Amino acid sequence: MFEFTKEQEMLRGMVREFSEKELAPRALDLDKKGELPAELFKKLADLGLLGISTPKNLGGSGMGHLAATIATEELARVYPSAAFFLEVGTGPVYAIANFGSAGQKKKYIAPVISGAKKMCIAATEPSGGSDLATMQTEAVAAGDGYVINGRKVYITNGGVSDYCLLLAKTGDRASFFFVEKGTPGFIVGRRQEQMGLRAVDVSELVFSDCKIQKDAVLGKEGAGFPIAISTFTVARLSIGALGLGIAGGAFDIALKYAKERILYGKPISKLQAVQFMLAEMDTEIEAARWLIYYPGAALDRGMTPRDITKSSARAKAVGAEVALSVTRKAIEILGGYGVSPEYHLARLLNDAMELFPATGTNQIMKIIQAGEILK
Ligand SMILES: Cc1cc2nc3c(=O)[nH]c(=O)nc-3n(C[C@H](O)[C@H](O)[C@H](O)COP(=O)(O)OP(=O)(O)OC[C@H]3O[C@@H](n4cnc5c(N)ncnc54)[C@H](O)[C@@H]3O)c2cc1C
């Protein structure tokens, strides 16, 4: 076990207070409306939550990846859709901070972590997110830039972003490109309905003879796959944290209910079957917690995304599993009330399911883990 710094403990307290005050009373309503209002998004940004892991010299709070994990966990305990936005800081912003030119860092990072602009990262295609090598979207050099054609699916913030970090084929390699909203040929397709994370925009994007300038390449032309691997490795920390938060939130609801619900003249927390479920949930959460905190702490200690390949894949998969397992048990403890929307567990269960494909499926996480174990 490792200890949290005073700063990290304070962050946890601050985000918990914010979540209870600002998110808890509105969670059901926000889910029904299917969007995170600008005013709430601004509050997340004003608290510095979009730039927790971004270095200070790039305008972030420089608190590190473990701090970002803690903040994501705390938001997700109450409202996972809001927590999903923090992935922007740990994913696309990480890519720009580590691979972008000085001009790109200046142009894109500060507006995104201040909440003034939104950014998405677009890799997945209809032909299969797990098999990115078969991707069809292509950028062909033309004149002083590129012409892009292709289609992306399941893009978080795709419909609401000002900037898109797009992965496209360039010859027999791939490259990331900045494509800005309003660029002719950059078309937002349909919003893709999701079973959970209902306030998060997940959309299709279409690129049709979309012309961009040569300097819109992130890093070097042809460096797309190595950048994608690093970026998704780091983004997986958010998904693990979301899972831990969902599990913690579901546990709290079940524990409170077990103490209050009277059957046979006493609280159901006195029933051994309920106690066993609570004990199992507690064990699952605590076992997951340290696996999920570890890769963020390792990055903060100077390890690279390459060094945390295995622990980040494991944290992501464990996060999805613990969220689903604990939420399901919580629903059982509440009996019929467990599946009623007002008890929030049905929503958390749906949100938990979204974590399985996000940033790569759990089967792909096992393949990554096994690759590292066997190398
Ligand atoms: C909420 C949400 C947000 C997302 N946001 C983004 C985003 O912002 N940007 C983005 O680019 N993408 C995003 N995605 C897409 C996500 O990355 C993909 O869904 C994921 O990579 C899986 O791709 P797929 O859905 O095409 O499934 P497929 O790749 O078609 O997989 C189907 C099944 O085959 C299995 N499978 C595939 N390959 C193997 C193998 N080699 N061995 C064993 N089993 C295998 C998978 O595990 C899965 O069970 C998001 C998805 C969700 C749900």
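This is a predicted model: local features need pLDDT of at least 70, side-chain atom pairs count only at pLDDT 80 or more; totals for chains, interfaces and linings use all residues.
Which domains each give at least three residues to the lining of the second largest pocket?

Rolling a probe the size of a water molecule over the atoms shows where empty space is left. Begin with the largest pocket. Its space comes to about 1100 Å³. The lining counts 40 residues. Closest to the centre are Thr 124, Pro 357, Ala 358, Thr 359 and Gly 360.

Now look at the elements around this largest pocket. Two strands, S1 (119-122) and S3 (145-156), each give at least two residues to its lining. So do the helices H6 (87-90), H9 (224-260), H12 (345-354) and H13 (362-374). H9 supplies the largest share, with 7 residues. By class, the lining of the largest pocket holds 25 nonpolar, 12 polar and 3 charged residues.

Turn next to the second largest pocket. About 380 Å³ of space lies there. Its lining is made of 17 residues. Gly 249, Asp 252, Ile 253, Tyr 343 and His 344 lie nearest the centre. Helices H1 (6-23), H4 (65-78), H9 and H12 each contribute two or more lining residues. Here H9 gives the most, with 6 residues. The lining of the second largest pocket divides into 7 nonpolar, 2 polar and 8 charged residues.

That leads back to the opening question. Domain 1 (6-113) and domain 3 (225-374) each provide at least three residues of the lining of the second largest pocket.

Methods:
Residues are numbered from 1 along each chain as its sequence is written. Side-chain values use heavy atoms; hydrogens and water are left out. On a 1 Å grid over the protein atoms alone, a cavity is a set of points where a 1.4 Å probe fits but cannot get out, and a pocket is an open set with protein on both sides within 12 Å along at least five of seven lines; lining residues have an atom within 4 Å of a point. Grid points are joined across faces, edges and corners, and a volume is the space filled by probe spheres set on the points. Helices (H or I, at least four residues) and strands (E, at least two) are DSSP runs, numbered from the N terminus. Ala, Val, Leu, Ile, Met, Phe, Trp, Tyr, Cys and Pro count as nonpolar, Asp, Glu, Lys and Arg as charged, and the others, Gly among them, as polar. Domain bounds come from an automatic or database domain assignment.
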